Amino acid sequence: MDVHLIIGSLGAAIILAAFIALQLHYITDEDVRYDAANVIGSVFLVWYAYVGGSWPFFMLNTVWGLVSLRDVIRYFQRG
């Protein structure tokens with residue numbers, strides 16, 4: 001299996017796991033773990049989109065990751 005495919009699959013799995021945990025009420029959308037998972041998953045998916053030249057997917061995951069990163073930063077600033 002191609003390393004880029006593994007990275008992309010891992011990124012998708014991380015985001016999907018966070019989404020499933022949210023839907024099953026294991027975490028809330030205010031939980032830093034939810035946003036952190038979205039940041040990590042998005043970084044992997046941005047890499048995968050870049051390598052594959054999928055610019056719409058690159059743009060989507062860049063924005064998704066930046067919005068989630070903003071929430072992670074705010075969480076740690078609150079102390």
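Which residues does Leu 22 touch, not counting residues up to four places away in sequence? They are Ile 27, Thr 28, Asp 29 and Tyr 34. The model is predicted. The protein chain has three helices and zero strands. Its elements run α-α-α from the N terminus on.

**Overall build**

- The C-alpha atoms of the protein chain fill a box of roughly 40 × 25 × 20 Å, taken along the principal axes.
- The protein chain has 79 residues, and buried residues make up 29% of them.
- Take the contacts between residues at least 6 apart in sequence: 56% of them join residues at least 24 apart.

**Helix H1**

- Helix H1 covers residues 3-23. Its 21 residues should span 30 Å at 1.5 Å a residue. The end C-alpha atoms are 30 Å apart, which agrees with that expectation.
- Six names make up the buried set of H1: Gly 8, Gly 11, Ile 15, Ala 18, Ala 21 and Leu 22. These residues cover an arc of only 165 degrees around the axis, so they sit on the same side of H1.
- The packing partners of the buried H1 residues are helix H2 (32-52) and helix H3 (55-78).
- Asp 2 caps the N-terminal end of H1. One of its side-chain oxygens lies 2.7 Å from the backbone nitrogen of His 4.
- Just after H1 comes His 25, with a positive phi of about 65 degrees.

**Leu 22**

- Leu 22 belongs to helix H1.
- Its relative accessible area is 17%; the cut-off for buried is under 20%, so Leu 22 counts as buried.
- Leu 22 and Tyr 34 are twelve residues apart along the chain. Their C-alpha atoms are separated by 7.6 Å. Tyr 34 is also one of the residues that Leu 22 touches.

**Helix H3 and Asn 61**

- H3 has 24 residues. From first C-alpha to last it reaches 35 Å, close to the 34 Å expected at 1.5 Å a residue.
- Asn 61, Gly 65, Ser 68 and Val 72 are buried in H3. The buried residues of H3 pack against H1 and H2.
- Asn 61 is found in H3. Its relative accessible area is 5%, so Asn 61 is buried.
- What does the side chain of Asn 61 have 3.0 Å from one of its polar atoms? The backbone oxygen of Phe 57 lies there.
- Beyond its neighbours within four places in sequence, Asn 61 is in contact with Ile 15, Ser 42, Leu 45 and Val 46. Of these, Ile 15 is among the buried residues of H1.
- Just after H3, Gly 79 takes a positive phi of about 75 degrees.

**Aromatic residues**

- How many aromatic pairs does a search of the whole structure find? The search finds five.
- One aromatic cluster is formed by Trp 47, Tyr 50, Trp 55 and Phe 58.
- Trp 55 is partly exposed, with a relative accessible area of 47%. Phe 58 is partly exposed, with a relative accessible area of 25%.

Key
Residues are numbered from 1 along each chain as its sequence is written. This is a predicted model: local features need pLDDT of at least 70, side-chain atom pairs count only at pLDDT 80 or more; totals for chains, interfaces and linings use all residues. Side-chain values use heavy atoms; hydrogens and water are left out. Helices (H or I, at least four residues) and strands (E, at least two) are DSSP runs, numbered from the N terminus. The expected span of a helix is 1.5 Å times one less than its number of residues. Buried means under 20% relative accessible area, exposed over 50%, partly exposed in between (1.4 Å probe, protein chains only). The arc is that of the directions from the helix axis to the C-beta atoms. Contact means heavy atoms within 4.5 Å. A polar contact is a pair of N or O atoms within 3.5 Å; within protein, one must be able to donate a hydrogen and the other to accept it, and residues adjacent in sequence count only if both atoms are side-chain atoms. Rings of Phe, Tyr and Trp (its six-membered ring) pair if their centres lie within 6.5 Å; planes under 30 degrees apart count as stacked, over 60 as edge-to-face and the rest as tilted.
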